[in-house]
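The sequence and structure come first.

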Amino acid sequence: MRIDIITVLPELIESPLNHSIIKRAQKKNLVTIELHHLRDFTTDKHRTVDDYSFGPDAGMVLKIEPIYKAIEKFKSERQYDEIIYTSPDGEPYTQKLANYLSTKENIIILCGHYKGVDHRVRENLITREISIGDYVLSGGELAAAIIVDSVVRLVPGVLSDETSALTDSFQDGLLAPPVYTRPAEFNGWRVPDILLSGNFKEIEKWQMEQAYERTKRLRPNLLNDD
Ligand code: SAH
């Protein structure tokens with residue numbers, strides 16, 4: 001899988017991509033993640049990426065020319081399955097969408113900044129718009145990092161124990177059951193006896209009951225989703 005990220009602030013995404021699971025995935029050549037500075041696609045001598053918005057609103061808008069140039073260049077090199085723009089008014093991001101994206105070969109993620117991007121970008125160059133929640137960030141970089149993190153860990157071979165992604169929250173429409181580790185007792189607080197019983201069938205049953213109970217209590221909407 002290859003992910004190209006277009007941004008005016010690559011520094012904001014570098015760190016999350018260079019640690020832990022995402023770093024290992026790149027080392028194992030299971031994913032390639034390339035950060036591209038929008039400035040590198042400008043043609044004017046000031047290398048301008050933004051300009052004032054038309055109309056009375058204050059604020060800068062990312063210009064269409066460098067974005068167009070970047071996307072056209074990438075598209076001339078390979079075929080892209082999705083060209084994503086991160087946006088607060090986009091499709092709400094979910095595990096289902098992460099699963100879908102993890103099956104793709106090549107993805108572009110365009111990060112907005114300031115007031116956003118010239119709307120013609122969204123009308124003509126983008127295949128999908130994703131929001132990571134109903135709040136406004138200063139830029140799409142953190143949203144891109146979240147999307148990349150959640151997608152890359154689903155790519156086959158990235159997690160050492162692949163089944164562990166399957167038992168995560170949302171994968172089966174349920175929240176995950178609680179987990180514990182040693183010591184079995186700390187400060188008088190005990191791990192549930194069932195987990196120490198060695199009876200895997202009973203433990204699985206308990207985990208399923210816990211997952212269901214937690215979902216019903218904390219996120220009942222998940223039980224009604226298809
Ligand atoms: N004026 C815009 C917000 C701009 S915020 C509006 O009101 O909708 C600047 C950039 O941050 C956006 O272009 C987008 O790329 C990113 N961004 C902000 N909030 C986001 C969110 N909840 N999800 C994904 N991207 C977001």
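A polar atom in the side chain of Ser131 lies 3.1 Å from the backbone nitrogen of Gly133. That is a polar contact: a pair of N or O atoms within 3.5 Å, where within protein one must be able to donate a hydrogen and the other to accept it, and residues adjacent in sequence count only if both atoms are side-chain atoms. This is a predicted model: local features need pLDDT of at least 70, side-chain atom pairs count only at pLDDT 80 or more, and totals for chains, interfaces and linings use all residues. Residues are numbered from 1 along each chain as its sequence is written, and side-chain values use heavy atoms, with hydrogens and water left out.

Ser131 sits in strand E7 (strands are DSSP runs of at least two residues, numbered from the N terminus). Ser131 is buried, at 4% relative accessible area (buried means under 20%, with a 1.4 Å probe and protein chains only). Leaving out residues up to four places away in sequence, Ser131 touches Ser87, Pro88, Gly90, Glu91, Pro92 and Tyr93 (contact means heavy atoms within 4.5 Å).

Now turn to the ligand.

Which side chain has an N or O atom 2.7 Å from a ligand oxygen? That of Tyr85. A ligand nitrogen lies 3.0 Å from a backbone N or O atom of Leu137.

Conventions. Helices (H or I, at least four residues) and strands (E, at least two) are DSSP runs, numbered from the N terminus. Buried means under 20% relative accessible area, exposed over 50%, partly exposed in between (1.4 Å probe, protein chains only).
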